[in-house]
Amino acid sequence: QRDEHLPPGEGTIAWPGVMTALQKVGYDGLLVMEVAANGSSTQAILSRTRAACARLGGEGRNGA
């Protein structure tokens with residue numbers, strides 16, 4: 001009902017399935033994560049987002 005801009009895994013999107021679907025169609029581009037602090041410090045939200053990207057296998061290509 002709301003767009004909260006949460007890090008991957010903290011919302012309702014099934015990110016592992018999204019990543020699998022992108023691989024199946026051969027997508028090899030960048031993904032942009034638009035996250036918001038939502039009461040957390042900037043450092044905390046960036047840390048959680050970076051950890052989520054690493055779990056999804058996306059960290060390291062562009063210094064995310």
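Start by selecting T49 and I45: the T49 side chain comes to 2.8 Å from the backbone oxygen of I45. You are looking at a predicted model, so keep that in mind as you go from stop to stop.

**Stop 1: around T49**

Keep T49 selected and color the helix that holds it, α2, which covers residues 42-55. Is T49 buried or exposed? Its relative accessible area is 8%, and because buried means under 20%, T49 counts as buried. Now show the residues around T49. Leaving aside those up to four places away in sequence, T49 touches P7, P8, M33 and V35.

**Stop 2: a charged pair**

Next, select R48 and E10. These two form a salt bridge, and their closest N and O atoms are 2.7 Å apart. What does the pair tie together? R48 sits in helix α2, while E10 belongs to the segment before α1 (15-24), so the bridge links parts that lie 38 residues apart in sequence. How many salt bridges does the count give? The count comes to one.

R48 is partly exposed, with a relative accessible area of 30%. E10 is partly exposed as well, at 36%.

**Stop 3: a nonpolar patch**

Now select V25, Y27 and L31. Together they make a nonpolar surface patch of about 300 Å². Zoom in on V25, which you will find in the loop between α1 and α2. Is V25 buried or exposed? V25 has a relative accessible area of 66%, and because exposed means over 50%, V25 counts as exposed.

**Stop 4: the whole chain**

Finally, clear your selection and switch to a cartoon view. The protein chain has two helices and zero strands. Color by accessibility next: of its 64 residues, 12% count as buried, and T49 from the first stop is one of the buried residues.

Among contacts in the protein chain with a separation of 6 or more, 61% involve residues 24 or more positions apart. To end the tour, go back to R48 and E10, the salt-bridge pair, and follow the chain from one to the other.

Definitions and conventions:
Residues numbered from 1 in each chain as written. Predicted model: local features only at pLDDT ≥ 70, side-chain atom pairs only at ≥ 80, totals over all residues. Heavy atoms only, no water. Helix = DSSP H or I, 4+ residues; strand = E, 2+ residues; numbered from the N terminus. Buried < 20%, exposed > 50% of the residue type's maximum accessible area, 1.4 Å probe, protein only. Polar contact = N/O pair within 3.5 Å; in protein donor to acceptor, adjacent residues only side chain to side chain. Contact = heavy atoms within 4.5 Å. Salt bridge = Lys/Arg side-chain N within 4 Å of Asp/Glu carboxyl O. Patch = residues over 30% accessible without salt bridge, like charges linked within 9 Å, V, L, I, M, F, W, Y side chains within 5 Å. Areas by Shrake-Rupley, 256 points an atom, 1.4 Å probe, with all protein chains shown as cover.
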